[in-house]
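This report looks at helix packing and disulfide links. The structure comes first.

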Amino acid sequence: MVSTMRPLLLAAACCKAAGVSLVKPMTFGKKAPRHSPRALVATMVMPDDEIPVDLMMEHHLRMISGNRSVLEGVIIDNRPPWSERAALMGAGKIPSTQDPLLSRYRRSQGTTGSVQVKDVDYARMSALMTRFFGTADLRLSSNMLRLAADAPSNISKLDEKGRAARLLGMLNFLESCADADAEVDMCIFLDSTTFLYRENQTGLVEVAAKLFQQDPMAVVLQPPDMCTSSRASAKGVCKVGNSTTIKHGFFVVNRDRFEGFAPMPVENAGLGSVFEDIFAEGLTKGDHEGAVKQIRCGGSFFVHPFDRSLGPWACPHKNQLELPAHARDTLGSRGASRARMSEGHFDEDYSRFKEKAHGAAALQSLIDRIEAGKLPEAKSPESVTNRCSNMCPSRERISQGLAW
């Protein structure tokens, strides 16, 4: 019979030689749960990103918990060596639209800053794959071994460049989580275009901490979308449901429980692997049940902007505004001409983005509406699509003061 409390085997360095394993039971962690759990909040940026990471990171830290003091942030700076910018720079550092913003964070590291910047080192791809997904069952592309030395010529032969870049970025997230300060209880990853909302002081960090305590088998929690949150609020419930997949772009990892799984066994992984797919496989393979759970609680949710790649029928035709145009519309005809960045933000820091400081001010305007709860009713496909994960922005609703 499969035990629902299967011990996790942690191979201690001192015992490997003797062939002895130490048993670590599945618990909330090595330490007793605290009244204020600590969280590492991570996002990732690429060289050509057009969304200012500082505004989104600040938004994430405000909305993910009602207590900013329990949060640490990390920005994964991912600059693929096979990008067009890399080819132009040769051996020099690949430029990024985010450079002025990242430099600001780097200057404060180790002093007053709560947000760190982690550079992605492509020479370490194989080492990180081995650390988190093992080697026995892993079939790595031979090109991966030469990736750092000859990245452009090797990767140009593959059609998985984007997946390979994201995979290594996400492996760096796992490394940041595993190597975080001992006081960190959970690690949260959000795509840099993920928007959050919470209606009171209880944010995702507090909800996740409570649910992890209630469910000793959960390792990864998936936050609620707008529709799930609305239904849970109407019913007055807060619980978890089983899941076998991990949604792209936003999930919460119980740090100590994850330590018991790594390296995770997966059938096949390589440059073209989707990180969330192999992560879910590693957590759910074998006789451990219930490692991935879906949060079904009200009061907070996530939502991504409209995504044209979802197809022309994802949203009504008039509700297909991509993020830059969507954000500009929130300024209105009068506000557009006098949009300015708030105190502590400098126009020159946004000079590398196509829409410069004006685009940043527009994004902040959209963020302000979301945080203020100026939200449409969750209806698919009028206001949301893709199982309530993406917005369907309406110029009519935006003109009436709503976020989208």
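Predicted model: local features only at pLDDT ≥ 70, side-chain atom pairs only at ≥ 80, totals over all residues.

## Helix α4

Helix α4 spans residues 99-108 and is mostly covered, with seven of its ten residues buried. The buried set is D99, P100, L101, L102, R104, Y105 and S108. These residues pack against β3 (39-45), α2 (53-63), β4 (71-77) and β5 (115-119).

## The α2 and α4 contact

The two helices α2 and α4 pack at an angle of about 55 degrees, and their axes are 9 Å apart. That angle makes α2 oblique to α4. From α2, the residues V53, D54, M57 and E58 meet L101, L102, R104 and Y105 of α4. By class, this contact has five nonpolar, three charged and no polar residues.

## Disulfides

The count comes to four disulfides. Counting bonded cysteines along the chain, their pattern is 1-2, 3-7, 4-5, 6-8.

C177 is joined to C187, S to S 2.2 Å. The link is right-handed, with 90 degrees about the S-S bond. C177 sits in helix α8 and C187 in strand β6, so the pair ties together parts ten residues apart in sequence. C177 is buried at 0% relative accessibility, and C187 is buried at 0% as well.

## Links across longer stretches

C238 and C297 are joined at S to S 2.1 Å. Their torsion is about 80 degrees, so this disulfide is right-handed. The pair links strands β9 and β11, 59 residues apart. C238 is partly exposed at 36%, whereas C297 is buried at 3%.

C315 bonds to C392, S to S 1.9 Å. Here the torsion is about -75 degrees, so the disulfide is left-handed. Both C315 and C392 lie in loops, and the pair ties together parts 77 residues apart in sequence. C315 and C392 are buried.

Definitions and conventions. Residues numbered from 1 in each chain as written. Heavy atoms only, no water. Buried < 20%, exposed > 50% of the residue type's maximum accessible area, 1.4 Å probe, protein only. Helix = DSSP H or I, 4+ residues; strand = E, 2+ residues; numbered from the N terminus. Contact = heavy atoms within 4.5 Å. Axes fitted to C-alpha atoms, helices over the stretch in contact; angles between N-to-C directions. Parallel < 35°, antiparallel > 145°, perpendicular 65-115°, else oblique. Nonpolar A, V, L, I, M, F, W, Y, C, P; charged D, E, K, R; others polar. Disulfide = S-S within 2.5 Å.
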